Amino acid sequence: MSDDCAEKTVETELEIEGRKVKVRAQVERQLPPWGKTTLVGKSMRRVDGPDKVTGAARYTHDVQLSGMLYGKVLRSPHARARVAELGLSAAAKLPGVLAVLGPGDVRGVRLGGQKVLSAEASYAGEEIAALAATDEETAEEALSLIRVRWEPLPPVLEPEDAMAPGAPALQPGGNVLGGGFGPQTPGKPEVYERGDAPAALAAAEVELARVYETPAAQHTCLETHGAVAAWDGDGLTVWESTQGVFFVRAALCEALGLPASRVRVLCPFMGGGFGSKNSADRHTLLAALLARRSGRPVRMVLSRREDFEAGAYRPASRQQMAIGLTRRGRIVALTSRAVNPVGAALEGHYFGSCVGPVHDFYACANVRTENYAILTSSPPPSAFRAPGHVQGAFALEQLVDEAADELGLDPVRLRLANLSANDPDSGQPFASNGLASCLRLGAKAIGWDSRKPPRAKAGRFRSGLGVAIATWGAGGGPPAVAQVVLHEDGSVVVLTGACDLGTGTRTVMTQIAAEELGVAVSTVLVANADTRTTPYCLPSFGSLTVASTGPAVRLAAAEVKRQLLDAASPILEAPASSLLVMRGKVRHAVTGKSVAVASIAASLPARMIVGTSQRGPNPDGLVLASFSAQFAQVEVDCRFGTVRVKRFVSAHDCGRVLNPATWSSQIQGGVLQGIGYALLEQRTRDPGTGRQLNAGLLDYKIPTAPDSPPEIEVIDAAPPYPANNIGAKGSGEPPIIPVAAAIANAVANATGRRLRTAPITPARLLAALSAEP
Amino acid sequence: MARRAATRSSKSPAARHVTQIELELNGRVTRASVPDHWTLLEFLRKSAGLTGAKEGCNAGECGACTVLLDGVAVYACCVLAAETSGRRVMTIEGLGTPERLDPLQEAFLVDDALQCGFCIPGQILAAKALLDAEPSPDRECVRRALSGNLCRCGCYVKIATAVLRAAAIRREPER
């Protein structure tokens, strides 16, 4: 890097899934925000919609290669066990089996510091051996021929057992770790303090202490985790159902000792991620290793059962909370002691910090949180859409409602009175903050003024209204590089490494490039998520894709436009500054004299214009967050203990909405997942063996069409956002954060009973209804 | 264990029983020989090269493999390929193409009734079976009819809107 270049880089802050990280950023040309736009902000149809509605879209599951083998994994049936003896020879001899791997064959291979096959199972479902065969049936049969002599060990399934004196140490450092992420001191919780919460709590006019519990919830992507790996000499190509092709590549390069130039990872279409597909997984490595050993492409796709049993999840939590307030409803103290069972998590696993909302949601001078991650004999968890915040909001946003009830104050007003002008944690101002508007507009839309106290209700069916809020760091940032290519015929290709998880990334980037270039969207093609051909960016996680890659695409398009106008200047005999691009033509602003973009490109010696730009730094001293307030109207059937969400209003500030159609789809989807979390979803395990009891879609119930409210009203409550050149913040995660709390608050409003454990099942609700209030 | 393995080994791929089938697949008479134990979904994806029907569970729980069998929506993972001889099968590839979309496909695009898209072929075919049987459903009827098709991205509200839109288009007199 030359000195000149080094001078142009600065340190900037980026927030990913609740973690603030420092990164270097190159200072790029500043672009003023768009004024009036013609394409951005419009509900343009999805560019990949026709492929998706006709079945033409090829997902990783659909990749078929000549000579492709089917890979299968032998998994531990025991939650904790040692493999005393492993006999692979019968499987290897079965006709049609072309490669078999045991732990001894992959000793040196590490994925994120962990083995990819283990002779010591630390959870039921852990990978022990793998093989590849010419067809699925042969692979299954070969698995049944593998002989294992197990030495089962007593599993440690509950956090209390793991923390008990004399509990077997599941890792050398012991079973107690701190917090939700990052390097941690074994044996110690992660502690956060501002002010003096214990003293403020003791001195508070009103104090409430409550305990909330949330379940382990699973991503349940309709496309299970999977990869197809093929070698060409010493080069590797992998199709992976992933959120981030570059993270997959990095993991493969590290594990296999390959240079990045020799590993190509692609993800043209993927069937859902929600945080569970941020990088390579063991199946990815096993596909690559089996393909290398057999000399044939290998497809390794997890069955639905495997996806549940060995797959990721949002960790459960038990949160002991306390709140102190003045009688007039000012929050003066908040504390939380949270315990999260995190299975066989190791450093590098990220699953979010459930105490984040306590730090971030309200102006409160005195906050103390203590966060424990407890190792158990269970699979490691992972990020899951707003990791940590969903479970934390379930607790905090009920606690605030309970305080409002105690004080006889309106929950919306209590929240409005305690919102913070600045980021409560850092004290720095927000770049923009529409949370109060979200609350006001949402309350109006749901008809909050008609809300009645529970005592006014009787009968079998009782209706209630509930509210909850969210904040979420969603400003995006570098690294994100984009390239825009104008071809000789005037057609445009936008190259970005970003995966489109179904959020509309391809469509929105099309709009941004077409808007900036002044060409029709039909001339623009977004080619994405291919490490060989597209430039670097982070995975599509942390609600950062639009706010990271969007500004880079606009800058790259602006660079192409600059070159285009320079080239048009001699043709139109006018300075470039007097020219603009409109509807595919370069036009003189005054005389109207014009020339087609295509004919300029064709006249160039290179026959093309290439613009490459990268995401610049975030502004110093400003906190970048998206905000949401959500409102649920429920009907409780007091006879059967069921809850129906009759109406839902979801109000958001995520800056400029680039495409209302794809945006509202994403918001509604987040709400639906929140409804599942509130009412339906929980991983259940056999208390003796630790094996999952509901590893299927009938028993692990995600919302179906009738579980959805008939309508989910989505409200844009955003003030202008000046912190990047497209004016947009992220919106992927905020919609799920407050949903479960809003529903629990609505149930409390309907029945007068508090359900502090999610999901709110009929059994729990009937028990609460039959108890004394 | 060893004996069971030996029995299973006798069913090596070459020795497995196969059945000749002849069906009408997306309007074309199609002949194939399929292993007896193959589901319709396996035949479509592995042999017929039609990957629009997805495998989300292989257990009749998610609906991603929904196809029409003699006009009735079925889970292709729960029908044996051998059973389809002499019958009509329509997959999403037979409904329309990007250049010539069926009203249902068009409506899903207009209402943005999709996100990742993995469940969408199944949703659309389940909706087609509904509209073929009931041209004027209300929203509640649509929601019930599609309750066997999971969408984890959570598009249910817009899917119901799109199906109602398609129903209205299909009722237009010129069609």
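Analyst: A search of the whole structure, which is a predicted model, finds eight cavities of 30 Å³ or more. The largest cavity holds about 550 Å³ of space. Its lining is made up of 36 residues, and those closest to the centre are T503(A), S543(A), Q666(A), S731(A) and G732(A). By class, 18 residues of this lining are polar, 13 are nonpolar and five are charged.

Which helices contribute to the lining of the largest cavity? In chain A, α14 (505-517), α15 (545-572) and α17 (660-679) each supply at least two lining residues. The most comes from α17(A), which gives three residues.

The position of the cavity can be stated in terms of domains. Residues of the lining come from both domain 1 (3-54 + 476-614) and domain 2 (63-153 + 220-309) of chain A, so the largest cavity lies between them.

These two domains deserve a description of their own. The domain assignment of chain A gives domain 1 as 3-54 + 476-614 and domain 2 as 63-153 + 220-309. Their C-alpha centres lie 37 Å apart. In the contact, 22 residues of domain 1 of chain A meet 18 residues of domain 2 of chain A. Between them the two domains bury about 1600 Å², with 59% of this area on carbon and sulfur atoms. On the side of domain 1 of chain A, the residues that lose the most area to domain 2 of chain A are L501(A), T531(A) and R532(A), which together account for 35% of what that side buries.

A sheet in chain A comes next. Three strands form an open sheet in the order β8-β4-β10 (chain A), and their pairing is antiparallel. The edges are taken by β8 (120-121) and β10 (147-152) of chain A; each has a single partner strand, so one side of each is left without a neighbour in the sheet. Strand β4 (residues 81-87) of chain A is joined to β10(A) by six bridges, and the two run antiparallel. Within this pairing, V83(A) stands opposite W150(A) of β10(A).

Several loops of chain A show particular backbone features. The peptide bond from P478(A) to P479(A) is cis, with omega near 0°. P479(A) has its place in the loop between β21 (461-473) and β22 (481-486) of chain A. A cis peptide bond also leads from A758(A) to P759(A), here with omega near -5°. The loop that holds P759(A) runs between α18 (739-751) and α19 (762-770) of chain A. R583(A) has a phi near 45°, a positive value in a residue other than glycine. This residue, R583(A), is found in the loop between β25 (579-582) and β26 (585-588) of chain A.

The account now turns to the second chain. Chain B has six helices and five strands. Read from the N terminus on, its elements follow the order α-β-β-α-β-β-β-α-α-α-α. The C-alpha trace of chain B spans about 60 × 35 × 25 Å along its principal axes.

Chain B, too, is divided into domains: domain 1 covers 2-94 and domain 2 covers 103-171. The centres of these two domains of chain B, taken over C-alpha atoms, are separated by 25 Å. Their contact takes 17 residues from domain 1 of chain B and twelve residues from domain 2 of chain B. About 1100 Å² is buried between domain 1 of chain B and domain 2 of chain B, 69% of it on carbon and sulfur atoms.

Finally, there is the interface of the two chains. How many residues does each chain bring to the contact? Chain A brings 64 residues and chain B brings 54 residues. The area buried between chain A and chain B is about 4900 Å², of which 54% is on carbon and sulfur atoms. R45(A), V53(A) and L222(A) supply 15% of the area that chain A buries against chain B, more than any other three residues.

To return to the request: the largest cavity, with about 550 Å³ of space, lies between domain 1 and domain 2 of chain A.

Technical notes. Residues are numbered from 1 along each chain as its sequence is written. Chains are lettered from A and ligands numbered from 1 in the order in which they are written. This is a predicted model: local features need pLDDT of at least 70, side-chain atom pairs count only at pLDDT 80 or more; totals for chains, interfaces and linings use all residues. Side-chain values use heavy atoms; hydrogens and water are left out. On a 1 Å grid over the protein atoms alone, a cavity is a set of points where a 1.4 Å probe fits but cannot get out, and a pocket is an open set with protein on both sides within 12 Å along at least five of seven lines; lining residues have an atom within 4 Å of a point. Grid points are joined across faces, edges and corners, and a volume is the space filled by probe spheres set on the points. Helices (H or I, at least four residues) and strands (E, at least two) are DSSP runs, numbered from the N terminus. Ala, Val, Leu, Ile, Met, Phe, Trp, Tyr, Cys and Pro count as nonpolar, Asp, Glu, Lys and Arg as charged, and the others, Gly among them, as polar. Domain bounds come from an automatic or database domain assignment. Two strands pair if DSSP finds at least two bridges between them. Contact means heavy atoms within 4.5 Å. Buried area is the accessible area (1.4 Å probe) that two parts lose on being put together, summed over both.
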